[in-house]
Amino acid sequence: MGHSDGGRFAVSDQGGNLNMADEKNHVYIFDTTLRDGEQALMRSLTPTQKLQLAMMLDELGVDVIEAGFPISSPGDLKSVHDIGHALKHATCCGLSRTLEKDIDAVHEALSGLDHYRIHTFVATSNIHMKDKLHKDFDQIVQMCDHCVRYARNYTDDVEFSCEDAGRTPIDHLCRIVETAINAGATTVNIPDTVGYTLPYEFGGIIKTLFNRVPNIDKARISVHCHNDLGMATANSLTAVMEGARQIEVCMNGLGERAGNCSLEEVVMAMKLRGNYMNGVYTNVVANNIARASKMVATVCNEPVPSHKAIVGSNAFAHSSGIHQDGVLKNKQTYEILTPESVGFKENKLHMTARSGRHMIKAELEKLGYREGTYNLDDIYQRFLKLADRKGQVFDYDLEALMYFSQDEDEENQFTLDNLSVLSGGKNVIPTASVRIRIGKRTRTESGTGNGPVDAVFNCINHLTGLKLKLDSFSITAKGQGMDAQGQVNVDAVHNGRHYYGSGISTDVIEASARALISASNSVFRTELIEEGRKKKDEKD
Ligand code: KIV
Ligand code: ZN
């Protein structure tokens, strides 16, 4: 069956013939996990984390990677630059508003590459033009025309997006699409920015564009659907059936609000049902999907819901007796896809304190982490400590180690040095003693609380002087059974602003301390940046 085939160009319906690459049926996958996905995270990714994800997406076989929004900060510009220079297959793209300085920033990040894309956008719906931009439609058309031409001076790969196209009057949409193509846009993207449309309606918009825009055959039509009504996948595929040949997606459906269209859903739908959709196919390597999904979930600290289509832990489980009976007789009674077809494998016990550096490097390679994007010596030292504590280390432990070591690698003001806690028992007042490093100094504090975590938090707040107030606190088991580690996520408030932190350990009190210290470091960094900005403003 086609779905068990992980090859790049293979497309098949159940029992259908393989339809090898035919360019007119190639649906380009434009991945925006690092831009639309990242902008919706509670906590932004570090440049190293972005690079790791980009390299994994590149291997997954996506066609375009939107690496960021270079004008938004010098850090983002550098990150887009580094990703652009590291990608081996995918085209690197940077986002810009229809402003020359934004387009210059994408060019600054990516110039020097043989090929890159500038993605420029402006809103076209009445509500966005009037209430957000304070412009009329003629001015918007003019901005589109000018900026697409401006971007074409830098690269021959320019994408134009009509933000909130789903709520844009169709006459306006036809006119702006025609303008963008005339000005040189090679891809025109039709976003349902607020996830408002229904599949038949959204398909109708694409169909009308193909019928009414005279130069439509000069560009690739793309769609970018948000999932506010749970329609993102259906809308994107309906658009493909009407002629769209690029879908913008995020891995695991990350993204603003209810998220963007899920990469794994559209890819597997086309792989399994491509014949029903005129033989469309993508270049994504299906059996790398599970690995990519896990990596995005870990690095972004956004667990995949268990019932999530294709990548949820329950997506291939059969619970009821009738289903189990059917599957035992013939798997295909209740299984349209196998877990192996998207690359799910058993978690295996591989590693102990006797495992060498080479083995750890090889395991990281299998998990999708490429050499040069992490510090092997550091990870190996942390691995040995964990192996001493746990005895057995699983691949999910190794992933957690990667995530938290990078978090701690950032230039942190506060680091946990030592922790001891006395709790439990009748008439015992929970008491903690915490030692942290603050810059180059080390300080210790002891205190009590209404429980062991409270006692630890009181000490940390005293030591950092930040007085963070907890808004939420959660513990999740990472791994299975008694071997699991505890991951603590905190949402803490300081001066009315929310800061997020997380920590992991075999000891949940230590994980809690690490989580609060990580939130405290975010406060410290934010205040430092704001202070710098204030000083600069005063000077200016
Ligand atoms: O949702 C949206 O409209 C966007 C654009 C920038 C493409 O993300
Ligand atoms: Zn979007």
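A polar side-chain atom of histidine 224 lies 3.1 Å from an oxygen atom of ligand 1. Taken alone, ligand 1 exposes 260 Å², and the protein buries 95% of that. This is a predicted model. The points below cover the ligand shell, then the aromatic rings.

**Around ligand 1**
- Threonine 193 has a polar side-chain atom 2.6 Å from an oxygen atom of ligand 1.
- For arginine 35, the corresponding distance to an oxygen atom of ligand 1 is 3.0 Å.

**Aromatic pairs**
- The count comes to six aromatic pairs.
- Phenylalanine 316 and phenylalanine 344 pair edge-to-face, with 6.0 Å centre to centre and 65° between the planes.
- Phenylalanine 316 sits in the loop between α11 (289-300) and α12 (321-329), and phenylalanine 344 in the loop between α12 and β9 (349-351), so the pair ties together parts 28 residues apart in sequence.
- Phenylalanine 316 counts as buried at 17% relative accessibility, while phenylalanine 344 counts as partly exposed at 23%.
- Tyrosine 380 and phenylalanine 383 are stacked, at 5.9 Å centre to centre and 20° between the planes.
- These two residues are three apart in helix α14 (residues 376-390), so about one helical turn separates tyrosine 380 from phenylalanine 383.
- Tyrosine 380 is buried at 12% relative accessibility, and phenylalanine 383 is buried at 0%.

**Arginines over rings**
- Arginine 220 lies over the face of tyrosine 28, 3.5 Å from the ring centre.
- Arginine 273 lies over the face of tyrosine 276, 5.4 Å from the ring centre.

Definitions and conventions
Residues are numbered from 1 along each chain as its sequence is written. Chains are lettered from A and ligands numbered from 1 in the order in which they are written. This is a predicted model: local features need pLDDT of at least 70, side-chain atom pairs count only at pLDDT 80 or more; totals for chains, interfaces and linings use all residues. Side-chain values use heavy atoms; hydrogens and water are left out. A polar contact is a pair of N or O atoms within 3.5 Å; within protein, one must be able to donate a hydrogen and the other to accept it, and residues adjacent in sequence count only if both atoms are side-chain atoms. Accessible areas come from the Shrake-Rupley method with a 1.4 Å probe; for residues, only the protein chains shown count as cover. Rings of Phe, Tyr and Trp (its six-membered ring) pair if their centres lie within 6.5 Å; planes under 30 degrees apart count as stacked, over 60 as edge-to-face and the rest as tilted. Helices (H or I, at least four residues) and strands (E, at least two) are DSSP runs, numbered from the N terminus. Buried means under 20% relative accessible area, exposed over 50%, partly exposed in between (1.4 Å probe, protein chains only). A charge sits over a ring if NZ of Lys or CZ of Arg is within 6 Å of the ring centre and within 35 degrees of the ring normal.
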